Amino acid sequence: MDLAHRPNILRYNHDRYVRLGLWLVLLAVAGYVLFEPAATEPYGGTPVGYVLGILSLLIVLLLFWYGIYKRCPTSDRDRRFEERRTPEAQGKADRRNKSPAQSWRYGQTLQGWLALHINLGAALIVLATLHTGFEFGWNVHTLGYGLMLVVIASGFYGLYAYLNYPRRITDNLQEDTLEGLLLKIDELDEMARVKALYLADEVNELVLNARQETVIGGSLMQQLNWKQAPCPTRIAVRQLQKLGKKYIADDQPKYMRDLYSLMLRKQRLVERARNVVKCKSRMDAWLYLHVPLSAAMLAALSVHVLSVLFYW
Ligand code: HEM
Ligand code: HEM
């Protein structure tokens, strides 16, 4: 989903889900403070503990629903939305000055589901923690809880990535696409190769090395960090600057100047392309943690619930 064009995702529909999350947190804290029996240590098995545990689990299931809903073909969603768009729904929505797409009763947009996902996911930190009564141990219950925290942390990272990286990608691409940038780099490489033919072997070697060894993309770690150390193009630029003082006969200074300017342009394009690759891969990579860990968390929580019900 392209969140680049949805900067108000956190404040969706007049903060509706921010308020929902805050209410849940407030009620959970009030319930914990007021109703946990003072005589016994609070833990997951008290009435308040059960209510908070069951509520947390329901929220987890609702968070999974987002993944399923997201995969519903858009045409199906539109059809369902149109089916619900009765005159009655439109009338009520008009009176409340909002689109029926923003209403629970008449269906919900994907953006609305994501806002709900984020806010309830964040509220889970408080709800589930109060459920545990701060009792932790080396067991499957705490494993489920720990995985939940990691999933939530990765969710926050994902949110940060979606809100920030699309703008950085646009800034780096400017008028181009990534393919366009790569094409320009290739053209500059070719021009540099031709220019270098008028110069000494060591210059040709630098240019050839910069062409063959410069990596854009590469391994996952390289993509995420974007840095190639040492970068052959950067080395070539630095060396050409130094060699400029050596090749001063006849037309050599002119060729060296031209070559330097070509390689400098290439270096800037390479940096922009790497930045784009880095942002794109960071926008994808966190989901490889978020989704499998969500599944692992659900498995651990299922064992947790089954085991506490078994020993009930
Ligand atoms: C997001 C959902 C949940 C999380 C993260 C969670 C996590 C935990 C953790 C970490 C503990 C403390 C374990 C310990 O003492 O070492 C605990 C205890 C407990 N949980 Fe949950 N739980 C969740 C949902 C539920 C649900 C749905 C139920 C009931 C059906 C439940 C029932 C209990 C009970 C009875 C205990 C006390 C066990 C004991 O100390 O003997 N939990 N939970
Ligand atoms: C226990 C808590 C959570 C669970 C189980 C969970 C689970 C999921 C699942 C299953 C998806 C769908 C991924 C896909 O199919 O592509 C998803 C997406 C996402 N989640 Fe969570 N999530 C949790 C908490 C959070 C939190 C706290 C945040 C943000 C603060 C968050 C942010 C996101 C974002 C930004 C997406 C991707 C949206 C998109 O690309 O459409 N999640 N999550």
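A crossing of two helices is left-handed if the near helix is turned anticlockwise from the far one by less than a right angle, and right-handed if clockwise. This is a predicted model, in which local features need pLDDT of at least 70 and side-chain atom pairs count only at pLDDT 80 or more, while totals for chains, interfaces and linings use all residues. Residues are numbered from 1 along each chain as its sequence is written, and chains are lettered from A and ligands numbered from 1 in the order in which they are written.

**Exercise 1. State how many helices and strands the protein chain has, and what share of its residues is buried.**

Step 1. Helices (H or I, at least four residues) and strands (E, at least two) are DSSP runs, numbered from the N terminus. The protein chain has 11 helices and zero strands. In sequence order the pattern is α-α-α-α-α-α-α-α-α-α-α.

Step 2. A residue is buried if 20 or more other C-beta atoms lie within 10 Å of its own, exposed if 12 or fewer, and partly exposed in between, with C-beta atoms placed from the backbone. By this count, 27% of the 312 residues of the protein chain are buried.

Step 3. Two residues are in contact if their C-beta atoms, placed from the backbone, lie within 7 Å. Among contacts in the protein chain with a separation of 6 or more, 75% join residues 24 or more positions apart.

**Exercise 2. Describe how H8 and H10 pack.**

Step 1. Axes are lines fitted to C-alpha atoms, for helices over the stretch in contact, and angles run from 0 to 180 degrees between N-to-C directions. For helix H8 (residues 201-213) and H10 the angle is about 165°, with the axes 8 Å apart.

Step 2. Angles under 35 degrees count as roughly parallel, over 145 as roughly antiparallel, 65 to 115 as roughly perpendicular and the rest as oblique. H8 and H10 are therefore roughly antiparallel. H8 crosses H10 in the left-handed sense.

Step 3. The contact includes Val-203, Leu-206 and Val-207 of H8 and Ala-236, Leu-240 and Leu-243 of H10. For classes, Ala, Val, Leu, Ile, Met, Phe, Trp, Tyr, Cys and Pro count as nonpolar, Asp, Glu, Lys and Arg as charged, and the others, Gly among them, as polar. The contact of H8 with H10 has eight nonpolar, three polar and one charged residues.

**Exercise 3. Describe how H10 packs against H11.**

Step 1. The axes of helix H10 (residues 232-243) and H11 come within 9 Å and cross at roughly 155°. H10 is therefore roughly antiparallel to H11. Their crossing is left-handed.

Step 2. Residues making the contact include Val-237 and Leu-240 of H10 and Leu-259, Tyr-260 and Met-263 of H11. By class there are 10 nonpolar, three polar and two charged residues.

**Exercise 4. Determine whether His-117 is buried or exposed, and name its contacts.**

Step 1. His-117 is found in helix H5. It is buried, because 23 other C-beta atoms lie within 10 Å.

Step 2. Apart from neighbours within four places in sequence, His-117 is in contact with Leu-63 and Tyr-66. His-117 and Tyr-17 are 100 residues apart in sequence and 8.9 Å apart in space, C-alpha to C-alpha.

**Exercise 5. Describe the shell around ligand 1.**

Step 1. A residue is near the ligand if its C-beta atom, placed from the backbone, lies within 6 Å of it. The shell has 25 residues, and the closest are Gly-44, Gly-53, Ser-56, Gly-137 and His-141.

Step 2. Two or more residues each come from helix H2 (47-71), helix H5 (110-132), helix H6 (140-173) and helix H11 (252-310). H2 gives the largest share, six residues.

Step 3. The shell divides into 12 nonpolar, 12 polar and one charged residues.
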